[in-house]
Amino acid sequence: MAQNAQFLDQYKNKDVRDTELSGRRVSQTPTGPETSGPPAVLAKKRSSFSLMTEMDGEQVSSEDRSSHERIRNSLHKSMGSFSEGDQPVEKEEELPHADAVLDESLMDTGEEGLTTEVAQQRLDRFGRNELTEKVIPKWQKFIKCFRGPMPYMIWVAIIIEGIIQDWPNFVVLFILQMVNGCLAFNEANKAGNAISALKASLKPEAQVKRSGVWKNMDAALLVPGDRIALAAGASVPADARICPGQPIDIDQAALTGESLPVTFYEGNVAKMGSNVIHGEVEAIVSATGVNTFFGKTAALIQSVKEIPHFQKVLLTIMKTMVSISLVVVSICLIFLLVQKEPFLKALAFSVVLVIASIPIALPVVSTTTMAVGSKRLADQKAIVAQLASIEQLAGMNMLCSDKTGTLTLNKMVLEDYTGYAPDITKEKVLQYAALAAKWKEPAKDALDTLVLNAVDKGPLDAFAQLEYTPFSPLKKRTEATLRGPDGRVFEVVKGAPHIVLEMCDKNKASIGAAFNKEVDDLAHRGIRALAVAVKYEGDSMEMVGLLTFLDPPRPDTKDTIARAFQYGCDVKMITGDHQAIAKETCRLLKMGTEILKSDKLPVLNPQEGMPKTLGRDYGELIEQCHGFAEVFPEHKFLIIEALRQRGWVVGMTGDGVNDAPALKRADVGIAVEGATDTARAAADIVLTAPGLSVMVDAIIVARGIFQRIKNYLVYRVAVTFQLLMFFFLSLLAFKPKDYGFEANDIKGTDEVPDFFQIPVIGLVIIVILNDFAIISIAYDHVIPSSIPEKWNLIVVFTVAIWLGMVAVTAQMTLLDLALDGKIFPGMSYGQIQMMIWLTVSLLDFFSVFTARVANGFFFERALGRPLLCAAIFALAISTVLSIVWPFNSVGGETKEPKMEPLFGKHIGFVWGYCIGWALVQDCTKVILYKILMHFDLQNIRTDMEENTKRAAIIQEFISREKRESLKQEGVEVV
């Protein structure tokens, strides 16, 4: 019996363990006299959840207590030692956060409470009971959106355009800069609201006893040592230690996300932000503001300051392209100055190259693509709070999931029963259990709800309930006296198995061993049990049965996890529940049963910064286990960080305030359905449907979005390289004088230009027309990858530069033929400019058809309708402009060559020429991919083979599901 009681005590529910580790001395059952408090009636109805959580013995092993104390000390560093009546004082060891540890003398508050003078002194010392928040003014956020490598390059171009007084181009570039900056500001303004949500969740009023008088006051003025009243319906305004008195039930849903209340005893520490459900008691404030549980959570959230991964990718691309641009522009500028070109003229040409090298619409197109994708994710019940997280979601290869409410139903369900009386049935045991409740009234708690929902209540009305004793955490049972339809009077008891067994004199001796073994086996599997016993008049108490119940996995969770594994995303469970419960849940879900307890993890001190060696020291241990049990916010935070340091792209699900730091730290923070405001504010994605199944659908959608962005970046880099090299080569290698052109052959100038050039306005039109039309790539057809996505920038740049080289070769070849008069002899210089402009524009847009299909021909995947319409529009506008060029007057009466309209034969030739070279570009791209795969550059072949293999497995899984569905519908499947 002692061994059974000890095991049951180790088998503690998460919420009760939370209260124990918050300051309760676990070496004895808390007791204490009822004391007077502020005028109110102490609640007598007890939560039956307490029954579920208090089915334990009276002692905790020294090993467990030591483990509990270590965790408690790491989390509640602000608590000192305490005493309960005449019992010995249990001291907490001093923690690293010495400045946050309160002197026990602060807690020695008398019945009269603090005096006004002492309270003011402590307010000056500890500060207001508020969370500190570092607020960045919005104007600073707005200015920041116009700083960085890309904005700086655009500003340089704008300034130079102003210097040379090219006002049309100045206005165009300025507008583009404003559009990019405003979009970035709008996105940044939505982020970082987690601290604000925490602050808003503080309750403004508290009932405090000062100088012997109870009064309501602003909770922000509370100080350590204040005597406050906690009553049903009130919130807990600060971390406070419970004084002697009756236990109270507290709802900690805002902190933990758990929906069931927790019983708090003398010495337990109630956390700020929780709410009192039943009972009334006085408490002494132990911590305020930043020293509370909330404050530490806020500190963890504030410690996360990191640039989104997608921004890093864009920055890498920008740095590479700008570096190439600066080299090319420098060479060109030096060459022009050596050729004795006027400085402003040389500078104007450099501006053209700078503009050509900056993918102005890159952030706009990327943001639009993700915004369109976010709407699709919303259709899948996943609301995107941070657009950049879509890219991370596509590459997520590790998902750390909360258990309660995410993997499970967060609802206790009756599983089975074991009978211990002759001829007893499950229905009879349920009926006896229901008779020990107020079945004619709405269920007051979770356990009565569980029993009354499972029983047929009709026959119960034949019984008359003579007496009823509600659940008491001290007795750990519920009792009722009834008169049956036959007139016999009997008692029914339901409660903690070991408590009820001790009352069963009739069959305790005969069933004791089997009963204890059954309870132990259930506890090892994490299944809770409820004992039911009956005593008829003139007879002894007899154990009739044992009802078992647990929080079962959601019906779709097992298949969801299997699908996640198929798509290359590992899943680990992280829960505050007991190890046995976590292990049983993992077993049911086929996730493995290697569950790590929090005592194997290090203590995190956010004030000292995040250790850089977590991945090295604990990464392998964390990778090898299947889940984690009995964890606190710090543990979740460091688990995420250790995995990230090991190179994993980590997603984290959560719903409570305690999950907020980990959600913020994860690459993809996911607030599940029903999450608190704080969890939602810290998350990147908010789920609006229960369970985890929506996440796999979201991963698939995100990978499709990733494909579209990657295709656009290949296209954008290719076009940028193409434009840059075109202007560079046309400057160095193509001089109109060498081809026999004279001044009277060129419209708009009195002299032959020293090099071939397209007007700046022509280049700007190409950039605007093609880039903003290519926004439609957000709607293109793609095939989502079956493995997590990752940026292989070496492959991206290799393919893009090759596509650009083919296009430049086509343009240079046509330019040479046109200037040399080998095609359409007699063409004017202005018409040659227009022909080359049309060629550049068409080849630019044709490049997207090639770039959108990797390792295959462009016709292997159909174009999305919006992209097809945008292509037709852009190509048609380019063609029309080549016939009726209206921009020769732009820029005033400058002495520069004017482009002249083309005739139908010229346009037909250019179209045919560009289509031919586009086919060459596509064919050589396929050959290039085969070469890259042969050498397995950056694991490109390995990844493609893995993708193909997983795609086949997924297809087989889908086919099997369809076959099963058809069979259920009565369709014969061969």
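Reader: Where does Thr653 sit?
Author: Thr653 is in strand β21, which covers residues 650-654. Keep in mind as we go that this is a predicted model.

Reader: Got it. Is Thr653 buried or exposed?
Author: Thr653 is buried, with a relative accessible area of 0%.

Reader: What does the side chain of Thr653 make a polar contact with?
Author: One partner is the side chain of Ser401, at 3.4 Å. The side chain of Thr653 also reaches the backbone nitrogen of Asp402, at 2.9 Å.

Reader: And which residues does Thr653 touch, not counting those up to four places away in sequence?
Author: Leu399, Cys400, Ser401, Asp402 and Thr406 are among them. The list also includes Leu663, Ile670, Val672 and Leu692.

Reader: Let's switch to salt bridges. How many are there in the whole structure?
Author: A search of the whole structure finds 26 salt bridges.

Reader: Can you pick one for me? What does Asp218 pair with?
Author: Asp218 forms a salt bridge with Arg128, and their closest N and O atoms are 3.8 Å apart. Asp218 lies in strand β2 (residues 213-218) and Arg128 in the loop between α5 (116-126) and α6 (138-144), so this pair ties together parts that are 90 residues apart in sequence.

Reader: How accessible is Asp218, and what about Arg128?
Author: Asp218 is partly exposed, at 33% relative accessible area. Arg128 is partly exposed too, with a value of 40%.

Reader: Nice. What does Lys506 meet in a salt bridge?
Author: The side chain of Lys506 meets that of Glu542, at 3.8 Å from N to O. This pair links distant parts of the chain, 36 residues apart: Lys506 is in the loop between α19 (497-503) and α20 (508-524), while Glu542 belongs to strand β17 (residues 542-550).

Reader: Which of those two count as buried, if any?
Author: Glu542 counts as buried, at 17% relative accessibility. Lys506 is partly exposed, with a relative accessible area of 42%.

Reader: And what about Lys822 and Asp820? How do their side chains meet?
Author: They meet in a salt bridge of 3.4 Å, N to O. Lys822 counts as exposed at 57% relative accessibility, and Asp820 as partly exposed at 39%.

Reader: Which residues are linked in a network of salt bridges?
Author: One such network links Glu641, Arg644, Arg665 and Asp667.

Reader: New topic: helices. How do α12 and α27 cross?
Author: The axes of α12 (residues 309-338) and α27 (residues 693-733) come within 10 Å and cross at roughly 5 degrees. Angles under 35 degrees count as roughly parallel, so α12 is roughly parallel to α27.

Reader: Which residues make the contact?
Author: From α12 they include Phe310, Leu314, Ile317, Met321, Ile324 and Ser325. From α27, Ile709, Leu713, Arg716, Val717, Thr720 and Leu724 are among them.

Reader: How do the contact residues divide into nonpolar, polar and charged?
Author: There are 17 nonpolar, two polar and one charged in the contact of α12 with α27.

Reader: Could you zoom in on Ile324? How far is its C-alpha atom from that of Leu724?
Author: The two C-alpha atoms are separated by 9.0 Å, although Ile324 and Leu724 are 400 residues apart along the chain. Ile324 is in helix α12 and counts as partly exposed, at 32% relative accessibility.

Reader: What about helix α21? Which of its residues are buried?
Author: In α21 (residues 557-566), the buried residues include Thr557, Thr560, Ile561, Ala564 and Gln566. Just after α21, Gly568 takes a positive phi of about 80 degrees.

Reader: Which residue other than glycine has a positive phi?
Author: Asn939 is one of them, with phi near 60 degrees. Asn939 is in the loop between α32 (904-934) and α33 (940-968) and is partly exposed at 40% relative accessibility.

Reader: And what is the phi of Glu630?
Author: Glu630 has a positive phi of about 60 degrees, and it is not a glycine either. Glu630 lies in the loop between β20 (627-629) and α24 (633-645), and it is buried, with a relative accessible area of 6%.

Conventions
Residues numbered from 1 in each chain as written. Predicted model: local features only at pLDDT ≥ 70, side-chain atom pairs only at ≥ 80, totals over all residues. Heavy atoms only, no water. Salt bridge = Lys/Arg side-chain N within 4 Å of Asp/Glu carboxyl O. Helix = DSSP H or I, 4+ residues; strand = E, 2+ residues; numbered from the N terminus. Buried < 20%, exposed > 50% of the residue type's maximum accessible area, 1.4 Å probe, protein only. Axes fitted to C-alpha atoms, helices over the stretch in contact; angles between N-to-C directions. Parallel < 35°, antiparallel > 145°, perpendicular 65-115°, else oblique. Contact = heavy atoms within 4.5 Å. Nonpolar A, V, L, I, M, F, W, Y, C, P; charged D, E, K, R; others polar. Polar contact = N/O pair within 3.5 Å; in protein donor to acceptor, adjacent residues only side chain to side chain.
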